[in-house]
Amino acid sequence: MAEDQELSRRLTDTARTTDGVRHVFPASSIVQVAADAVAVQFELREPDTLVDVDRDGGAVRITAEIAVDGARPATDTVREVGERIRSVVDAEPGPRPDTISVVVRLVEDAARR
Amino acid sequence: MSDDDRSLPGAALPDDDLDGHTMDELAEYLDRGRDPRDPDIESSAACRLALSNMQRLRELSLDAMQRRADTDPDPERETAWIDGLLDTIKAELTSGRDVPVSHPDPRLRLTLTEAAVRNLVRRAGDTTGGVVTGRCTLTGDVSTPGAPITVDITAAIAYGQSADETADRLRHRVADVLARHTELVIEQIDVRFDDVYVP
């Protein structure tokens, strides 16, 4: 759905620009990730729809997977990402998400990328 | 030793996939200084975890490896040790269980993966000084907030270091790092030194 892609793009940007976030990993379906990877290869751009927006049976689930910087407590960063995503999706028309999942996959060394 | 010689012996590892990549590929990518940037590798949490660990292992052990290879009547032991560490690192890349982070809003489900926590422990160990971390295991119900857990660490200790003092330093460092980045309740940190290396 085009609206969900646009929402995912905004949520990906929201996660990326949160203090302490080093990287946003694809949390989308395999098909979507593959399609985005092809687009990225041809257009030489960063993938920008990495936060998953899943609507199933009337339920709405948002999932973001991130790498965070070890210079800031991972608990602080993951809370802030969750709260910032919540503020974006709650301002959207339509049903509010049932769950907003944010997963820290990696805490990276402060001095490394 | 030339820069070309500073490769990890990744060729000895089986070609298991890491989101479609192998440890050999990652070792070569690290050799190239992660340049040019490979977006496929950089977009994989497992690959980034592996790269982070391989980089630290490389920094910790290469000088010692070379010194021992020059003098040791059995230099292959050194390669076997590094290969064993790489196998352990690879085995710990699986995301594993969810480690929750609390939030008053029940709609927010915030977690760290078990692999991310193990990596924190490994990094804490490797930066303690006089220690190269081997295996790290979290024992207990890490997915239940407040449940006490035990951290089991095996490590190699630098020759000449006091085992008791080094283990205490390692325990304090790991406890500090886990308190900073997680809400885990650490009941105990068990340290076992299973090898000695010449720093």
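The model is predicted, and local features need pLDDT of at least 70, side-chain atom pairs count only at pLDDT 80 or more, and totals for chains, interfaces and linings use all residues. Residues are numbered from 1 along each chain as its sequence is written, while chains are lettered from A and ligands numbered from 1 in the order in which they are written.

Helix α1 of chain A spans residues 2-16, where helices (H or I, at least four residues) and strands (E, at least two) are DSSP runs numbered from the N terminus. From its first C-alpha to its last, α1(A) reaches 21 Å, close to the 21 Å expected at 1.5 Å a residue, the expected span being 1.5 Å times one less than the number of residues.

Within α1(A), A:S8, A:L11, A:T12, A:T14 and A:A15 are buried (20 or more other C-beta atoms within 10 Å of a residue's own, with C-beta atoms placed from the backbone; exposed means 12 or fewer, partly exposed in between). Because these residues cover an arc of only 160° around the axis, they lie on the same side of α1(A), the arc being that of the directions from the helix axis to the C-beta atoms. On the other side, A:A2, A:E3 and A:E6 are exposed.

In chain B, the domain assignment, which is automatic or from a database, gives domain 1 (10-91) and domain 2 (98-197). Their contact (C-beta atoms, placed from the backbone, within 7 Å) takes 10 residues from each of these domains of chain B. On the domain 1 side, the largest share, seven residues, comes from α3(B).

How values were computed
Contact = placed C-beta atoms within 7 Å.
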